[in-house]
Amino acid sequence: MYKLIGSAKSRAFRVMWMLEELGETYEQDSAAPRSPEALAVNPSAKVPAFMDGDDVIIDSVAICQYLADKHDRFTHKAGTVERARQDSFTHLALDELDGALWWAAKNSFVLPEDLRSDKAAAACEYDYKRGLDHLEARLGDNQFVTGDEFTVPDLIIGHCMGWGINVMKWMPPKGPLRDYLARVRERPAFKAAWAKREAS
Ligand SMILES: N[C@@H](CCC(=O)N[C@@H](CS)C(=O)NCC(=O)O)C(=O)O
């Protein structure tokens, strides 16, 4: 049995979505970030963490990629050029989207108040939108980032863009990027995970 530690309103949602894609059952402890439950499995007390039996894996992307590799779905094989291209989209999602979203969040409610900057939100929005431009250029006419197949970075990008729209009100431009996001979020597994999030 898999166990996910972290609430649906955190990056644990990415893992919930991946588990729905795979049709795997799991137990969930909706532990908050920095809670004693999170600290028990992760020295930084960040969530999500994930347990496969007695083994603990930390970090949403590491967990999603682990599950994709283990079940041989939603990923290209390690050691192929396709996988390198796939991983490069995962890093685009982390560097250019998650990074900007997280720095804005840190300056809004995570960092101690005296270390927050008023200009951070505007700088992060600027940087995030550059990231979207790069994504749009690299996506081209593809259905999903690596072609016709949905892979791990589509899930991470889909989560980040949802966070951008719902929390920060950073809208993607109309056209290919919005169509891409709609395609990613139309997936039954996304909808099932979202329903669990809303019920939580
Ligand atoms: N790269 C990590 C980031 C984990 C992370 O920062 N999670 C947030 C909640 S979404 C957290 O636990 N924050 C608490 C903190 O920063 O102290 C991942 O993707 O899992």
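The model is predicted: local features need pLDDT of at least 70, side-chain atom pairs count only at pLDDT 80 or more, and totals for chains, interfaces and linings use all residues. Residues are numbered from 1 along each chain as its sequence is written.

**The sheet**

Begin by selecting the strands, where helices (H or I, at least four residues) and strands (E, at least two) are DSSP runs numbered from the N terminus. An open sheet is formed by 4 strands in the order S2-S1-S3-S4, with mixed pairing; two strands pair if DSSP finds at least two bridges between them. Strand S2 (26-29) and strand S4 (55-58) are at the edges with a single partner strand each, so one side of each has no neighbour in the sheet. From one strand to the next, the twist averages 20 degrees; angles run from 0 to 180 degrees between N-to-C directions, and axes are lines fitted to C-alpha atoms, for helices over the stretch in contact.

Next select strand S1 (residues 2-5) and strand S3 (residues 49-52), which pair in the antiparallel sense over 4 bridges. Tyrosine 2 has aspartate 52 of S3 as its bridge partner. Aspartate 52 also stands opposite aspartate 55 in S4. S3 and S4 run antiparallel and are joined by 4 bridges. These two strands form a hairpin with 2 residues between them, and glycine 53 in the turn has a positive phi of about 65 degrees.

**Helix H1**

Select residues 12-22. Helix H1 packs on the sheet, touching S1, S2 and S3, and its direction makes about 155 degrees with that of S1. Contact here requires C-beta atoms, placed from the backbone, to lie within 7 Å. H1 is largely enclosed by the rest of the structure, because 10 of its 11 residues are buried. A residue is buried if 20 or more other C-beta atoms lie within 10 Å of its own, exposed if 12 or fewer, and partly exposed in between, with C-beta atoms placed from the backbone. Among the buried residues of H1 are Phe13, Trp17 and Glu20. Their cover includes S1, S2, S3, H3, H6 and helix H8 (188-199). Glycine 23, which follows H1, has a positive phi near 70 degrees.

**The loop between S1 and H1**

Select serine 7, which lies in this loop. Serine 7 counts as buried because it has 21 C-beta neighbours inside 10 Å. Not counting residues up to four places away in sequence, serine 7 touches Ala12, Ser30, Ala31, Ala32 and Ser200.

Move to arginine 11, in the loop between S1 and H1. Arginine 11 is buried too, because it has 23 C-beta neighbours inside 10 Å.

**The ligand shell**

Select the residues around the ligand: Ser10, Arg11, Pro33, Arg34, Lys46, Val47, Pro48, Asp59, Ser60, Val61 and Val110. Each has its C-beta atom, placed from the backbone, within 6 Å of the molecule. The shell divides into 5 nonpolar, 2 polar and 4 charged residues; Ala, Val, Leu, Ile, Met, Phe, Trp, Tyr, Cys and Pro count as nonpolar, Asp, Glu, Lys and Arg as charged, and the others, Gly among them, as polar.

**Helices H3 and H6**

Finally, select helix H3 (residues 60-71) and helix H6 (residues 152-168), which pack at an angle of about 145 degrees with their axes 10 Å apart. Val61, Cys64, Gln65 and Ala68 of H3 make the contact with Val152, Leu155 and Ile156 of H6. These residues divide into 6 nonpolar, 1 polar and no charged.

Notes
Two residues are in contact if their C-beta atoms, placed from the backbone, lie within 7 Å.
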